[in-house]
Amino acid sequence: MRWPDKHPNFDEILKNSGNAISHRTLNCVIHLPLQIKCKVSLCFHYVYIFSAVLDNKGKEFLVAFIENEVIHGNDINPEIYITTSKKKIVHVNVSASGVPNSQLYKTFSVIHGQTQLVKLNTSFRLHNTELTKKAVLIQADDEIVVYAVNKEEKSDAVYLALPIDALGKEYYTVSYYPATHYCLFAIIGVYDETNVSIHLPQIHHLSVTLNGHTYHGSQWINVTLDRLSTLEVRSKHDLTGSHIVSSKPVGVLSGNKKTVVGHRSTHDHLVEMLLPLSSWGNNFATVPIPERHGIGDIFRFIASEDNTHIHVSGINSGKPFQDHIKLDKAGHYVQKHYSSGLYSHIVADKAISVFQFSLTQKGHGDYADPSMITVIPIEQYAFEYTFTTPEYSHGNYSNYFMFIIDSSQTNGLRIDNRSLAGDQVYHKIPETHLVGGYMKISVGTHTVIHTDPTTVFGKANAESYGFPVGLLLKPINTVSICI
């Protein structure tokens with residue numbers, strides 16, 4: 001973390017961040033005073049220490065739904081999918097109280113191999129740049145996995161929800177641009193009296209109007225969120241790199257209301273629940289979106305620190321591939337269009353985030369549409385994943401399971417307790433011991449066991465979705481606070 005100069009909420013954020021800071025090198029604890037009355041210049045470099053392993057499984061979640069485009073007057077209900085890897089019954093409560101005339105309280109149970117679907121009133125969807133109270137609270141007596149589906153006709157996106165204990169206090173947002181409709185992000189309040197500061201990116205003509213006040217590029221927006229509060233921010237201009245800093249943990253969604261990606265044809269809704277900056281990594285491996293021959297994928301690389309260098313190496317249809325990227329400032333990004341045959345290894349000298357975009361379908365026979373997928377750092381690969389496939393607005397998707405695995409452990413990858421087919425194709429990830437590939441999977445709930453990451457991608461005519469099915473959320477990105 002690198003605080004910008006003259007951060008408007010620095011004193012409050014420092015006060016609420018805790019006063020014990022551990023320095024890895026000195027192997028000691030430095031106690032900061034809660035009030036600093038003299039003019040000094042100090043830098044502390046520290047890491048968070050947790051006794052429990054943080055991942056996407058949890059007992060408490062808060063989700064929300066950014067705005068999507070309604071066509072033909074057919075507004076479709078937002079959906080929450082809840083499953084578990086536990087082989088005993090898990091009891092779940094889903095509740096919300098901030099939407100007038102749409103009180104929500106549901107209780108049910110779930111067990112390994114089952115999925116519960118909760119459909120919400122469409123009034124829970126966020127609209128415009130405004131502060132509301134539309135978050136949905138999900139609580140369970142044991143660990144569950146949660147996916148949120150924001151679906152309209154020919155406009156669908158799914159995100160993996162992160163549990164409250166894995167959320168953070170600092171984020172950079174991402175959208176696709178040029179956008180057909182609005183670029184968006186939303187912040188979810190987890191605790192009462194949470195001070196949030198948003199530093200908009202330095203973009204000419206960028207403007208955001210909140211409560212009658214208009215903010216422009218490079219300006220700060222300061223708000224206070226309470227539990228279940230939701231703030232959506234939207235703009236016709238690119239919001240990628242908006243810097244969010246809060247006094248207490250918050251959840252952040254980011255994406256687009258609806259947009260084309262690449263080809264000027266059909267368009268789709270984009271959203272992901274963002275990893276906090278503390279969970280960003282330095283090493284990534286990528287698998288191309290399946291069966292998009294000759295179309296390619298778009299990637300966005302976002303820096304957490306100034307002067308970040310990124311090296312991309314790959315095998316592109318059997319030929320070596322290299323790319324070098326430099327990001328000058330924290331929050332800056334670079335967008336790249338890579339081949340559909342590229343399996344790559346990405347290495348950065350400072351922590352980054354990477355997003356993979358599926359392009360708009362090109363024509364007859366290429367049935368897919370835009371989606372945005374968080375590429376998981378290699379450092380955050382988990383062991384076990386439980387997920388379910390969503391429903392297409394006009395039937396079923398063609399669903400694909402994209403994976404990366406240690407080349408010596410391919411026999412150990414099991415989906416629903418079955419090994420992959422003997423003719424499964426594996427592609428080498430250069431400069432690593434990893435290989436990548438994909439396979440078609442059926443509609444429904446699945447469990448994958450292996451210490452490597454997986455992504456699910458689904459496509460149909462003019463509609464697609466994609467999301468990582470699980471990850472660790474270890475605080476691996478060290479933090480520097482300068483006073």
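Me: In which loop is N128 found?
Reply: The model is predicted. N128 has a positive phi of about 65° although it is not a glycine. Its relative accessibility is 35%, so N128 counts as partly exposed. The residue is found in the loop between strand 8 (115-119) and strand 9 (130-132).

Me: Is N211 buried or exposed?
Reply: N211 is placed in the loop between strand 15 (207-210) and strand 16 (213-216). It is not a glycine, yet has a positive phi of about 50°. Exposed means over 50% relative accessible area. At 70% relative accessibility, N211 is therefore exposed.

Me: Which side chain does a polar contact of 2.8 Å join to that of E152?
Reply: E152 lies in strand 10 (residues 136-152) and is buried, with a relative accessible area of 0%. A polar atom of the E152 side chain lies 2.8 Å from the backbone nitrogen of I76. The side-chain partner in a polar contact of 2.8 Å is R125.

Me: Which strands stand at the edges of the open sheet of 4 strands?
Reply: The strand order is 28-34-30-31, with antiparallel pairing. Strand 30 (residues 414-415) pairs with strand 31 over 2 bridges, and R414 stands opposite S419 in strand 31. Each edge strand has a single partner strand, so one side of each is left without a neighbour in the sheet; these are strand 28 (384-388) and strand 31 (418-419).

Me: What is the omega of the peptide bond from Y177 to P178?
Reply: P178 is in the loop between strand 12 (168-172) and strand 13 (183-189). Most peptide bonds are trans. The bond from Y177 to P178 is cis, with omega near 5°.

How values were computed
Residues numbered from 1 in each chain as written. Predicted model: local features only at pLDDT ≥ 70, side-chain atom pairs only at ≥ 80, totals over all residues. Heavy atoms only, no water. Pairing = 2+ DSSP bridges. Buried < 20%, exposed > 50% of the residue type's maximum accessible area, 1.4 Å probe, protein only. Polar contact = N/O pair within 3.5 Å; in protein donor to acceptor, adjacent residues only side chain to side chain.
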